[in-house]
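Subject: Structure handover

Hello,

Here is the structure for you to look through. Notes on what was found in it follow below.

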Amino acid sequence: MTEAKKTVLELRNLTLRRGEFLLDKVCCSVMEREIVAIIGKTGAGKTLLLETAAGLCRADGGQALYGGIPIQTVPIERRNIGYLYQDYGLFPHMTARENIGFSLRMQRIGAKERRHRVDEMAERFGIREILEQYPATLSGGEQQRVALARALMMRPPLLFLDEPFSALDPVTRKDFYRILHEVREEFGCAILFVTHDFSEAQQLADRIGVLIDGRLRGVVEASCLFTAPWEAEVCRFLGISEDERGDRE
């Protein structure tokens, strides 16, 4: 018998207001080793949703449960989640080595052990030769690898990715699609990422949610993105014609 997967992240009516914008009662779950994508236009609230789910923003209502525990009740240094920002978020005054080993230093891991573990992670992502360089001297793909290595340093059960491939050229982007699937298998983590790219979501995710104006309109299997019985507004967003929609009703 196949063992049932555990829920790593559950969003229950997650609500947050920022000025005129409302992230409105978002409900979603991410299971272990699952990749879930949230797609939406610029301004739909994708980054805000990700930051609130990760506990970086305090919700006005609802809960984000990490392993069944409200994430805001867990101190940041004990959450053990990975977060990869759209601009990578590397510390410009630190070398690649120092960036990757930052969480180990915060955990007071000794310098010798820290160096060994950073070397291992750098070897995994093919970036040992750039460890002593600073972020400003690295290409976009190299910065991406450094940021991903840093996010995975503590082997988190959950990884958040904010538009992770938008700044990469097509060849580098395709290579990172492969790396992301390898990361899921090798590190055993669940992944929640946001993107505006339908094709990217379908290639990478097991399930896809559609976010429009702060409301998550539904989450479906990736293969069903264009065939699910969506409401009219979602169909327009996805480019599904009235005729195609009518054929499904």
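How many cavities of 30 Å³ or more does the count come to? The count comes to 1. A cavity here is a set of points on a 1 Å grid over the protein atoms alone where a 1.4 Å probe fits but cannot get out, and lining residues have an atom within 4 Å of a point. Grid points are joined across faces, edges and corners, and a volume is the space filled by probe spheres set on the points.

This is a predicted model, in which local features need pLDDT of at least 70, side-chain atom pairs count only at pLDDT 80 or more, and totals for chains, interfaces and linings use all residues. Residues are numbered from 1 along each chain as its sequence is written, and side-chain values use heavy atoms, with hydrogens and water left out.

The largest cavity holds about 50 Å³ of space. Its lining includes Leu84, Gln144, Phe165 and Leu180. Helix H7 (170-187) and helix H6 (140-152) each give two or more residues to this lining, and H7 gives the most, with 3 residues. Helices are DSSP runs (H or I, at least four residues), numbered from the N terminus.

As for disulfides (pairs of cysteine sulfur atoms within 2.5 Å), the count comes to 0. The sulfur of cysteine 27 is too far for a bond, because the closest cysteine sulfur, in cysteine 28, is 8.9 Å away. Cysteine 235 is in no disulfide either, with the nearest cysteine sulfur, that of cysteine 224, 14 Å away.

Regards

Definitions and conventions:
1 Å grid on protein atoms, 1.4 Å probe; cavity = no way out; pocket = protein on both sides within 12 Å on 5 of 7 lines; lining within 4 Å.
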